[in-house]
Amino acid sequence: MIIALANQKGGVGKTTLALHLAGTWARQGKRVTLIDADPQGWALDWSQQRAREGLSRLFGVVGLARDTLHREAPEIARDADHVVIDGPPRIAGLMRSALLAADLVLLPVQPSPLDGWASAEMLALLREARIYRPQLAARFILNRCATRTVIARETAETLADHEPPVLATTVGQRVVFADAAQTGRLAFEIDEASPAAREIVALAAEIDRLRIGRIAA
Ligand SMILES: Nc1ncnc2c1ncn2[C@@H]1O[C@H](COP(=O)(O)OP(=O)(O)O)[C@@H](O)[C@H]1O
Ligand SMILES: [Mg+2]
């Protein structure tokens, strides 16, 4: 399965969630490759930081911030159980290529009543990708949720109606993610029992349950 974290907004958690999903599946013994499709290369930096700290590799990270990504990804996917693409901000050509490469697009959004969850442009790119790949699945993932009550209130009326649909698992505002980013670690390596670690495991499990990329019986 190829999963792309995509949203044209920066700072919504694409890189954080891409690294943590890749790490969770790798820890379960799956063969995982992360494609860094952001020209700024944060995921690559993270893996280099990790190597400098002498930590185990967990999964490979390759830099592929070019719009031939969708042609190169299948080759990478052949030798992997999961490929996770850390998507680019605000570059339409790269975004198109990342969407065309994916079986599942995850759109991290910070829930806010003042904010459309995805820009009209992002949704248009998704519709466009589905012309070529009608089976392309997409889900919103609510990240940096301040409290469950805020989400519950806000989503009561709106969650069910969303297209793309919203994953049931939400990820809270957790300081440990920032510590992880700075030290080449993952949240569960800093604190296995942290809410952040639990949320990521639940998120990976919910994605697994979607059974995307399998041939229907
Ligand atoms: N759930 C979260 N809780 C706290 N900080 C977060 C969370 N998700 C992301 N961050 C922090 O927000 C910043 C931007 O996140 P990042 O994953 O780099 O976003 P993007 O890749 O979409 O630009 C980083 O400093 C990251 O550590
Ligand atoms: Mg990023």
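Modeller: On a 1 Å grid over the protein atoms alone, a pocket is an open set of points where a 1.4 Å probe fits, with protein on both sides within 12 Å along at least five of seven lines, and its lining residues have an atom within 4 Å of a point. This is a predicted model, in which local features need pLDDT of at least 70 and side-chain atom pairs pLDDT 80 or more, whereas totals for chains, interfaces and linings use all residues. Residues are numbered from 1 along each chain as its sequence is written, chains are lettered from A and ligands numbered from 1 in the order written, and side-chain values use heavy atoms, without hydrogens and water.

Colleague: Which space does ligand 1 take?

Modeller: Ligand 1 takes the space of the largest pocket (more than half of its atoms lie within 2 Å of the grid points). That pocket holds about 600 Å³, and of its 27 lining residues, Gly11, Gly13, Thr15, Thr16 and Ala181 are the closest to the centre. Helices H1 (14-27), H2 (42-52) and H7 (175-183) (DSSP runs of H or I, at least four residues) each supply at least two residues of the lining.

Colleague: How many residues surround ligand 1, and which are the closest?

Modeller: There are 15 (each with a heavy atom within 4 Å), and the closest are Gly11, Thr16, Asn143, Gly172 and Arg174. H1 gives the most to this shell, with 3 residues, while H7 also supplies at least two. By type, the shell divides into 4 nonpolar, 8 polar and 3 charged residues, where Asp, Glu, Lys and Arg count as charged and Gly among the polar.

Colleague: Which backbone atoms lie 2.8 Å from a nitrogen atom of ligand 1?

Modeller: A backbone N or O atom of Gly172 lies 2.8 Å from a nitrogen atom of the ligand, and a polar backbone atom of Arg174 is likewise 2.8 Å from a ligand nitrogen. An N or O atom in the side chain of Thr15 is 2.9 Å from an oxygen atom of ligand 1.

Colleague: Where do the backbone angles deserve a second look?

Modeller: Most residues other than glycine have a negative phi, and most peptide bonds are trans. Leu58, in the loop between H2 and strand S3 (60-63), has a positive phi near 65°. The peptide bond from Glu163 to Pro164 is cis, with omega near 0°, and Pro164 is found in the loop between helix H6 (148-158) and H7.

Definitions and conventions
Polar contact = N/O pair within 3.5 Å; in protein donor to acceptor, adjacent residues only side chain to side chain. Points joined across faces, edges and corners; volume = space filled by probe spheres on them.
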